[in-house]
Amino acid sequence: MRVRFENFNFSYGQKKIIHNLSFSLTSGDFLCIVGKNGTGKSTMIKCLLKTLKIPNNMIYLDDIDINNITHFSNIGYVPQKIDFNYEFPITVKEILISSYNGKSRDQFFKEIISKLDLNKLYNENINTLSGGQLQRIFIARALLTNPKLLILDEPTVGVDQDNLKNLHKILKQLKNNRITIILITHDLDFCKDLADYTLSLTDSSTHVLTSFKGDQNE
């Protein structure tokens, strides 16, 4: 999936968060977004997903203005803070199967569960799990949508080293399969050999886009 930001601006009231940001991603590109808290990383994603309203002619998916898209499909999203009722009696199995149309014996489903080491948690109630375990579950749920665009907001927080390695392998495979990936992180080491571009946001609403593909895309 192609993604394009064109002279993108966003403010909260009088406070300008992002100013004149322009870049484009082609299918299979990997963008790593870094910056201090409050510089607009998550805000930018919320605008892309239409959680926050923006004017026309600023963000495009496959060359279509997002304001003209009534329903997003083939987009996987893992937010930094997951809005979920953890007191609701539901198992990991039920969450994941509901995200995959009930095809729990499908090979792709089994592969995702295995790679994220979720087999032993499969029948556990969601409210008994740690933060890192929950993060892996919601990463799996996003991957099960078979996305063309995958967006992850701080996916490495609370995840142990073994599962970080598994996540890294999965993202590399998705990139090789031409899935476009946008990842927000403070952990540059995690994505240093994955990223085609790094976007650094600052608290002065400026930005620096670095390309590792040999062409500055700004």
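This is a predicted model: local features need pLDDT of at least 70, side-chain atom pairs count only at pLDDT 80 or more; totals for chains, interfaces and linings use all residues.

Biologist: Why is Thr 156 called buried?

Modeller: Its relative accessible area is 10%. Buried means under 20%, so the word applies to Thr 156.

Biologist: Where does Thr 156 lie, and what is it in contact with?

Modeller: Thr 156 sits in the loop between E7 and H5. Leaving aside neighbours within four places in sequence, its contacts are Gln 135, Leu 164, Thr 185, Asp 187 and Phe 190.

Biologist: Why is Asn 74 called partly exposed?

Modeller: Asn 74 has a relative accessible area of 32%. Buried needs under 20% and exposed needs over 50%, so Asn 74 falls in between.

Biologist: What does Asn 74 touch?

Modeller: Asn 74 lies in the loop between strand E5 (64–65) and E6. Not counting residues up to four places away in sequence, it touches Met 1, Thr 145, Asn 146, Pro 147, Lys 148 and Leu 149. Take Asn 146: it is 72 residues from Asn 74 along the chain, but their C-alpha atoms are separated by 6.5 Å.

Biologist: Now the helices. How do you know that the length of H5 agrees with its number of residues?

Modeller: H5 has 16 residues. At 1.5 Å a residue, they should span 22 Å. The end C-alpha atoms are 23 Å apart, which agrees.

Biologist: What makes you say that the buried residues of H5 line one face?

Modeller: The buried residues are Asn 163, Leu 164, Leu 167, His 168, Ile 170, Leu 171, Leu 174 and Lys 175. Seen down the axis, they fall within an arc of 165°, so they line one face of H5. The other side of H5 has exposed residues: Gln 161, Asp 162, Lys 165, Lys 169 and Asn 176.

Biologist: What covers the buried residues of H5?

Modeller: The cover includes E3, H3, H4, E7, E8 and H6.

Biologist: Which residues of helix H3 are buried, and why are they said to be on the same side?

Modeller: In H3 (residues 107–115), the buried residues are Phe 109, Ile 112 and Ile 113. They cover an arc of only 95° around the axis, which puts them on the same side of H3. There they pack against helix H2 (92–98) and helix H4 (131–143).

Biologist: Which members of the largest nonpolar core touch the most others?

Modeller: Leu 96, Leu 150 and Leu 171 do, out of 42 residues. H4 gives the most to this core, with 7 residues. Leu 96 itself touches Phe 109, Ile 113, Leu 118, Ile 137, Ala 140, Arg 141 and Leu 144, neighbours up to four places away not counted. There is also a second, separate core of 32 residues, including Met 1, Ile 33, Leu 61 and Ile 66.

Note on methods: Residues are numbered from 1 along each chain as its sequence is written. Side-chain values use heavy atoms; hydrogens and water are left out. Buried means under 20% relative accessible area, exposed over 50%, partly exposed in between (1.4 Å probe, protein chains only). Helices (H or I, at least four residues) and strands (E, at least two) are DSSP runs, numbered from the N terminus. The arc is that of the directions from the helix axis to the C-beta atoms. Contact means heavy atoms within 4.5 Å. A nonpolar core is a set of buried Ala, Val, Leu, Ile, Met, Phe, Trp, Tyr and Cys residues joined through side-chain atoms within 4.5 Å. The expected span of a helix is 1.5 Å times one less than its number of residues.
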